[in-house]
Amino acid sequence: MNKEQMTIKQLYDTSKSMAGSMMERYTYPWEVLSHIGEIIAALSATLPKDEYNCIGGNIWIHKSVQMPPISTVKGPAIIGANTEVRPGAFIRGNVIVGEGAVVGNSTELKNVILFDGVQVPHYNYVGDSILGYKSHMGASSLTSNVKSDKTLVKVHGADGDIETGLKKFGAMLGDFVEVGCGSVLNPGTVVGSHSNIYPLSSVRGCVDGNSIYKRAGVIVKKREDL
């Protein structure tokens, strides 16, 4: 994956997120991470007051969303229409959840944008990440958002590294990405749209779109007839 393939324009259909038009101000998706709180503040002023409940001044939950009593939401946060939030979910702040998404039991979200139709349904941790339209993380798959040596995260492209200036950076998943159960997406991971990650994978670096990640060093292109 080269630098051009990592851009917001290449990874995402921005019409599939309430934050999409604001994301278009940036080139790379990780540039958005430091501004999610600002985006929430701007979006909140445009949300239909008759469709959203406002809690504590900085949490907006669409009235179609059924919130289980044992889930936790800390602001700022927006949860879009027809999203399913399951018991034990922990939404830690600076979170935008799109329409028709699933935030599952014991799933934790922090400083993330989930596009419409995203599913993080079972025991997932997603931090400092952006998940594209209808992407799905299998049970117990997670994003690792801080390097073990605490140094700043680089994105390793085919045409050179990109310095992000970020200490916390999980994963950027393009539209329609499928992540297998028990996988770890290491800091600075970028996965192109329509790609699949095998279960129990430890993914580091970048995965081209329309690919299958089988294990480190073994990434194959999908057959066009599938």
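How far apart are the mean positions of the positive and negative charges of the protein chain? In this predicted model, the 22 positive and the 21 negative charges have mean positions that are 6 Å apart.

**View 1. The protein chain as a whole, with its helices and strands.** The secondary structure comes to three helices and 24 strands, and the C-alpha trace spans about 50 × 40 × 30 Å along its principal axes. For 226 residues a compact globule would have a radius of gyration near 17 Å, and the 16 Å of the protein chain agrees with this.

View 2. Of the 226 residues, 50% count as buried.

**View 3. The aromatic pair of Tyr-12 and Phe-115.** The count of aromatic pairs comes to four, and one of them is the stacked pair of Tyr-12 and Phe-115, with 5.0 Å from centre to centre and 20° between the planes. Because Tyr-12 lies in the loop between helix 1 (8-11) and helix 2 (20-23), while Phe-115 lies in the loop between strand 9 (108-114) and strand 10 (119-122), the pair ties together parts that are 103 residues apart in sequence. Both Tyr-12 and Phe-115 are buried.

**View 4. The ring cluster with Tyr-28, Trp-30 and Phe-169.** Tyr-28 and Trp-30 form a stacked aromatic pair, at 4.8 Å centre to centre and with 5° between the planes, and both residues are buried. Ring pairs link Tyr-28 and Trp-30 with Phe-169 into a cluster.

Terms used. Residues numbered from 1 in each chain as written. Predicted model: local features only at pLDDT ≥ 70, side-chain atom pairs only at ≥ 80, totals over all residues. Heavy atoms only, no water. Helix = DSSP H or I, 4+ residues; strand = E, 2+ residues; numbered from the N terminus. Rg over C-alpha atoms; globule rule 2.2 N^0.38 Å. Buried < 20%, exposed > 50% of the residue type's maximum accessible area, 1.4 Å probe, protein only. Lys, Arg positive; Asp, Glu negative; His and termini not counted. Charge placed at Lys NZ, Arg CZ, Asp CG, Glu CD. Phe/Tyr/Trp six-rings, centres within 6.5 Å; stacked < 30°, edge-to-face > 60°.
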